[in-house]
Amino acid sequence: ESKEITVKRLKAAGADDLEKDEICIIRTNWDSFWNKKEYVSESPYITVPAAEYLVSKGIKLVGMDSPMIGDPNDGISSVELTSFFLTISFQRQGYR
């Protein structure tokens, strides 16, 4: 099974019902892998389109039970997603 959290998966879990300024908590049960070698290297992650979807809905916070938000096998993806969410957050608060 793919570890990607896609727009399709978010919508199947009810993300269409999220409203502006709400918090999105993504439960994958990945915490059950704590202290196992695959905990970081194979963890679930949000795809860039899924992140863009959440931002377009005005979500103010995303939390998940995984050690990182982006693809653990693509360091650039993790950095990009973290930067993306921070940039959007700062813009919403009036920072440029």
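User: Which residues of the largest nonpolar core touch the most other members?

Analyst: A nonpolar core is a set of buried residues joined through side-chain atoms. In this predicted model, the largest such core has 16 residues, and those touching the most other members are Leu10, Cys24, Ile26, Ile46, Leu54 and Val62.

User: Which elements give two or more residues to this core?

Analyst: Strand 2 (23-26), helix 3 (48-56) and strand 4 (61-64) do. Helix 3 gives the largest share of the core, four residues.

User: Which residues of the largest pocket's lining lie nearest its centre?

Analyst: The lining of the largest pocket has 17 residues, and Ile5, Arg9, Ile26, Arg27 and Thr28 are the ones nearest the centre. The volume of this pocket is about 360 Å³.

User: Which elements supply at least two residues of that lining?

Analyst: Helix 1 and strand 2 each do. Strand 2 accounts for the largest share, three residues.

User: What is the mean pLDDT of the protein chain, and which element has the lowest mean?

Analyst: pLDDT is the predictor's confidence in each residue, from 0 to 100. For the protein chain the mean is 85, with 80% of residues at 70 or more. Among the elements, helix 4 (residues 75-92) has the lowest mean, 67, while helix 1 (residues 7-12) has the highest, 97.

Note on methods: Residues are numbered from 1 along each chain as its sequence is written. Side-chain values use heavy atoms; hydrogens and water are left out. A nonpolar core is a set of buried Ala, Val, Leu, Ile, Met, Phe, Trp, Tyr and Cys residues joined through side-chain atoms within 4.5 Å. Buried means under 20% relative accessible area, exposed over 50%, partly exposed in between (1.4 Å probe, protein chains only). On a 1 Å grid over the protein atoms alone, a cavity is a set of points where a 1.4 Å probe fits but cannot get out, and a pocket is an open set with protein on both sides within 12 Å along at least five of seven lines; lining residues have an atom within 4 Å of a point. Grid points are joined across faces, edges and corners, and a volume is the space filled by probe spheres set on the points.
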